Structures are given as C-alpha cells and as structure tokens.
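Let's take a walk through a protein model, one piece at a time. Keep the picture open beside you and find each part as we reach it.

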Amino acid sequence: MKPGNDFYCRQGGDNPMHAPRYCGIPTFMRAPFIEDPVEIDIALVGVPYDGAVEARSGTRQGPRQIRDMSSMMRSIHHVTRVNPYELCRVGDVGDVPFSRIFDVEASHRDITSFYERLNNAGVWPLSAGGDHSITLPILRAIAMDRPLGLIHIDAHTDCCDEEMNSKYSHGTPFRRACEENLIDPERMIQIGIRGAANSPECWEFGERNGIRIVFMEEFARIGVERTVEEARRIVGNGPVYITFDVDGLDPAFTPGTGTPEIGGLTSLEAQGLIRGFRGLNLVGADVVEVAPPFDPSGSTALVAATVMYEILCILAGSRITNS
C-alpha cells in the first residue's frame, strides 16, 4: 500500500505538509484529522492524562504542545529517505476522552476502550502522553491476544509495586503489565535507567523476572550500536512495542518533564537508538511525560515530536512488512 499524496489531498485539499507551519488547526505532524479509524493504518493519538503522577504534574498538557511543535516535522527522513506518508495512511484521531478524570482506574478503562476501537479496526497506535501510567491501558487493548516484547527508554524502570499506596501510578505500569501477561519480561529491555531510589524493588523485580536493564553507565560504556544489537537480540522476531519516556534524555535536552534525572541520553543518541530498531516487528509506540509548564521554550515538546516522527518512520516500514 502506497497512499502517496492522494490520501492527504482527499482529506482536505492540498497536502498540508506543503502549507505554512503556522496555518491551520494543529494536528500531529500536520496529518489529517480522522474520525473513523478504518480509513487509516497508523493512528496518532493524544492521551492528556496525568492523574497517576506523584510529583510534578503537567503532562496532561503534553499532547497539545507536542501537536503544535510537530508542525516542524517534514515528510522525508534525511538518513533513510523513508517517507512514512507514502507507505501508510497516517491520521490524527484526536485525544482519548475521559469520563471520570479524578479516578485513575476509571481513566485507564477509558484509555483501553479508546484503543480497543483502534485495535478492532486493525490500526497501529503512535501515542503522545500524558504520564507513563497510560502505557498499561494501551497494552491492555493491543496485547490482549498475546504478550508483546517491549523496548523501554527511560530513566526509571517503572516496575514498583506501589507508589503512595496506589498500584496504578506512573511508577508501576510495567510490573502490572508483566503480571497481566501483556508483555513478556524475557523479551523486554530497559535503556537509560539511572537515579537513586528509596527501595531497590524496582530494579530487583526486573532482575528476578528476566528483564534486561541497561543502566546509563553501561550505555555510556557500550554506546548506541551495541545497545541496539542487544535490544534486537532480546526482542527477537516477535511483535514489539516501544515506549519512550522523555526523562530518559538528560534534562539539558528535555527539562519539561515531571521526574528529571541528570546524566541521561543526548537527543542524538535517542535518534540513533530508534533508527537502529528499523525492521523490527513493531505494532505500536508511545512518547510520554512531556510537561509543558516546566519548559516554556517548547524544546521538550519539540524533542518529543521529533522522536514521534522517528518512530513513525520505522513503524510505517513495519506496517508494510508485517501486514
């Protein structure tokens, strides 16, 4: 399937990629807004939710600013020459609607319900959060038939059992996902992990369950290329989901996040990692934890938008190969 420019022209005249970036209603990557998911192959989704944060809130505003900054994206990747819009029909399906925003588990059910509709239509999601708790309800929708492999880029493992007496915070989603058989821990790798903790449980859970943890010190020693090789070895040929927390980068690059940790990835290293995952059997991805109130410049949202574009390029290739 090669929709080319025809799909985008049918959605509203001239290809919006050729319009001035400050014009029109902002959508992710200037893709068309789509209400019926059967019309597209890859859905760009906003999840404006941060009700599971225990520290600095603000990621509920992430999708809106990422949409705005994503107007800076263009079509053709300068390294791979991939044009994801030539490979797939890509559309912005809007934001997840919430019915009980102050109830974490009810909000997670709203997220799962939204993604079940996409999954039933055969659409692959690329999402912008929101806090990292949103990945769990997304996985509940798209991994209901089989556990997925997971590539997790982050400063934190998010494998705690509880935070503030809650099992559903942004620090617990991957323990719950393992318990619910949504991801296979032996096909899971966490990259960029660092920072002190009040308990070693978050690291010990991974060690007990076969999760490959690449602490930042190891990453600094072996570099992007060998980390990519390790990730590809771990996830293998099965279906894989990518989850990217912007606090995996050093706060020099992404200050607008709720739990910054110094000594992280550079933006160039993050791009190198994602490009190295080209050809994997990807089925979806998310970019989370952009908190615009802590970065008035918008640079964190620009990093997130660019990471989404990088993922879109490899996700589109996977869609063509594995559909």
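Start with helix 8 (residues 216–235), which lies across strand 4, strand 5, strand 6 and strand 7 (240–245) and runs at about 155° to strand 5. Some ground rules for reading that: helices (H or I, at least four residues) and strands (E, at least two) are DSSP runs, numbered from the N terminus. Angles run from 0 to 180 degrees between N-to-C directions, with axes as lines fitted to C-alpha atoms, for helices over the stretch in contact.

A word on where this comes from: the model is predicted, with local features needing pLDDT of at least 70 and side-chain atom pairs counting only at pLDDT 80 or more, while totals for chains, interfaces and linings use all residues. Residues are numbered from 1 along each chain as its sequence is written, and side-chain values use heavy atoms, with hydrogens and water left out.

Now zoom out. The protein has 10 helices and eight strands. Its radius of gyration (taken over C-alpha atoms) is 18 Å, close to the 20 Å that the globule rule (2.2 Å times the number of residues to the power 0.38) gives for 323 residues, so the protein is as compact as a globular protein of that length. Along the principal axes, the C-alpha trace spans about 55 × 45 × 40 Å. Of the 323 residues, 58% count as buried, where buried means under 20% relative accessible area, exposed means over 50%, and partly exposed is in between (1.4 Å probe, protein chains only).

How are the strands arranged? They form an open sheet of eight strands in the order 2-1-3-8-7-4-5-6, with parallel pairing; two strands pair if DSSP finds at least two bridges between them. Strand 2 (90–95) and strand 6 (212–215) stand at the edges with a single partner strand each, so one side of each is left without a neighbour in the sheet. From one strand to the next, the twist averages 15°. Helix 2 (residues 62–69) packs on this sheet too, touching strand 1 (42–47), strand 2 and strand 3 (124–129), and its direction makes about 110° with that of strand 3. Here touching means contact, with heavy atoms within 4.5 Å.

Six of its six residues are buried, so strand 4 is largely enclosed by the rest of the structure. Both of its faces are covered: Leu148, Leu150 and His152 are buried on one side, and Gly149, Ile151 and Ile153 on the other. To get from strand 4 to strand 5, the chain crosses through helix 6 (residues 173–179), and this β-α-β crossover is right-handed. That label means that, with the strands pointing away from the viewer, the path from the first strand over the helix to the second runs clockwise.

Strand 4 (residues 148–153) and strand 5 (residues 183–193) run parallel and are joined by five bridges. You can trace the pairing residue by residue: leucine 148 has isoleucine 183 as its bridge partner in strand 5, and isoleucine 153 stands opposite isoleucine 191 in strand 5. Strand 4 is also joined to strand 7 by five bridges, and these two run parallel. There, leucine 150 stands opposite tyrosine 241 in strand 7.

Next, two threonines in helices. Threonine 112 sits in helix 4 (residues 104–120) and, at 11% relative accessibility, counts as buried. Not counting residues up to four places away in sequence, threonine 112 touches Pro137, Arg140 and Ala141. Threonine 306 is in helix 10 (residues 299–322). Leaving aside neighbours within four places in sequence, threonine 306 is in contact with Met73 and Gln271.

Finally, visit a few loops. Glycine 130 has its place in the loop between strand 3 and helix 5 (135–142), and a cis peptide bond with omega of about 15° joins glycine 129 and glycine 130. Asparagine 165 is in the loop between strand 4 and helix 6, and its phi is near 65°, a positive value in a residue other than glycine. Is asparagine 165 buried or exposed? At 73% relative accessibility, asparagine 165 counts as exposed. Glutamate 289, in the loop between strand 8 (282–288) and helix 10, has a positive phi as well, near 75°. At 3% relative accessibility, glutamate 289 counts as buried.
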